[in-house]
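Here is a short report on a protein chain and its ligand.

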Amino acid sequence: MLELTIALAKGRLADQAIDLLEAAGTDCRVVRAPSRKLILTDEQAGLRFIMAKPADVPTYVDYGAADIGIVGKDTLLEENRSLYEVLNLGFGACRMCVCGPENLAGRLDSIPNKRVATKYPNIARAYFEARRESVEIIRLNGSVELAPLVGLAEVIVDIVESGRTLRENGLAVLDTIASLSARMVVNRVSMKMKADRINPLIQAVRRQLDQAGRTAP
Ligand code: PRP
């Protein structure tokens, strides 16, 4: 049996990814056990889980270090790698938005040469390029909402989930760039070479999503 490697995004999405895989009949006991190990192997099932930083999951899958990845659509858009996106898993739903002070609502294009703070420079660049607006992208690593408050940038491009971070910092959504959620992605070669293992897994997860009434493309 060919071994299958699944890359999980450490953090928010990992627990829900494991719950879903388990509900779909994949034994996930090795990843449930508390551990700091980064590779968790179920020899009997011929299954390996690797625990990666979310932003690195597409890289592992692209190079074939993992056959399958479960990761947010935000990361896929930002990394823009050539992977098969096989399932919308529904959980981790949120939006990629342009945000800033409320008084910029409806007049985002009124500020020339805006500074845009973001953890997602590629997504932000593509958005403003499509609008033919010239901007300076300032890359940050988190707490991006801080940037307009201290005058580092006029607007931000960031994830909005409940909207609470924006509200509590006096900011608003100025435009929505994309709807996001967790996705299952597959390496292009693995999809062919390990079809016997990957297709049944995709089908089982899809059935589970259908039963739960969750999104699946
Ligand atoms: C994310 C995102 C927003 C916040 C949105 O940050 O970057 O800051 O969550 O969630 P909300 O709309 O429910 O308030 P995260 O918690 O991942 O931390 P970070 O800002 O350090 O990246």
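Strand 9 gives the largest share of the shell around the ligand, 3 residues. The model is predicted. Strand 9 spans 155-160, and helix 7 spans 164-168; each of these two elements supplies at least two residues of the shell.

**The ligand site**

In total, 13 residues surround the ligand. The closest are R12, K119, E145, S162 and T165.

| Residue | Protein atom | Distance to a ligand oxygen atom |
|---|---|---|
| R12 | polar side-chain atom | 2.5 Å |
| E161 | polar backbone atom | 2.8 Å |
| S162 | side-chain N or O atom | 2.5 Å |

On its own, the ligand has 500 Å² of accessible area, and the protein covers 72% of this. Where does the ligand sit among the pockets? The space that the ligand takes is the largest pocket.

Is D158 buried or exposed? D158 has a relative accessible area of 7%, so it counts as buried, the cut-off being under 20%. Its C-alpha atom lies 9.4 Å from that of D74. Along the sequence, D158 and D74 are 84 residues apart.

**The chain as a whole**

The protein chain holds 9 helices and 11 strands. Its C-alpha atoms fill a box of roughly 60 × 35 × 30 Å along the principal axes. The chain has 217 residues, and 46% of them are buried.

**Buried positions in strands**

Strand 6 covers residues 94-101. C94 belongs to strand 6. With a relative accessible area of 15%, C94 is buried, because this value is under 20%. How far from C94 is S181 in space? The two C-alpha atoms are 6.3 Å apart, while 87 residues separate C94 and S181 in sequence.

V185 is found in strand 11, which runs over residues 182-186. At a relative accessible area of 1%, V185 is buried. The C-alpha atoms of V185 and M96 are separated by 20 Å. Along the chain, V185 and M96 are 89 residues apart.

K114 has its place in strand 7, residues 114-118. Is this lysine buried or exposed? K114 counts as buried, because its relative accessibility is 1% and the cut-off is under 20%. What does the side chain of K114 meet? A polar atom of this side chain lies 3.3 Å from the backbone oxygen of I111.

**Positive phi in two loops**

N113 sits in the loop between strand 6 and strand 7. Its phi is near 50 degrees, a positive value in a residue other than glycine. N113 is exposed, because its relative accessibility of 56% is over 50%.

N80 is another such case. Its phi is near 50 degrees, again positive in a residue other than glycine. N80 lies in the loop that joins helix 4 (73-79) and strand 5 (84-88). The relative accessible area of N80 is 66%, so this residue is exposed.

**An exposed helix position**

Helix 9 takes in residues 195-211, and D196 is one of them. Is D196 buried or exposed? D196 has a relative accessible area of 73%, which means that it is exposed, the cut-off being over 50%. How far apart are D196 and E43 in space? From C-alpha to C-alpha the distance is 18 Å. In sequence, D196 and E43 are 153 residues apart.

**Recap**

Among the exposed residues are D196 at 73%, N80 at 66% and N113 at 56%.

Methods. Residues numbered from 1 in each chain as written. Predicted model: local features only at pLDDT ≥ 70, side-chain atom pairs only at ≥ 80, totals over all residues. Heavy atoms only, no water. Near = heavy atom within 4 Å. Polar contact = N/O pair within 3.5 Å; in protein donor to acceptor, adjacent residues only side chain to side chain. Areas by Shrake-Rupley, 256 points an atom, 1.4 Å probe, with all protein chains shown as cover. 1 Å grid on protein atoms, 1.4 Å probe; cavity = no way out; pocket = protein on both sides within 12 Å on 5 of 7 lines; lining within 4 Å. Sits in = over half its atoms within 2 Å of the grid points. Helix = DSSP H or I, 4+ residues; strand = E, 2+ residues; numbered from the N terminus. Buried < 20%, exposed > 50% of the residue type's maximum accessible area, 1.4 Å probe, protein only.
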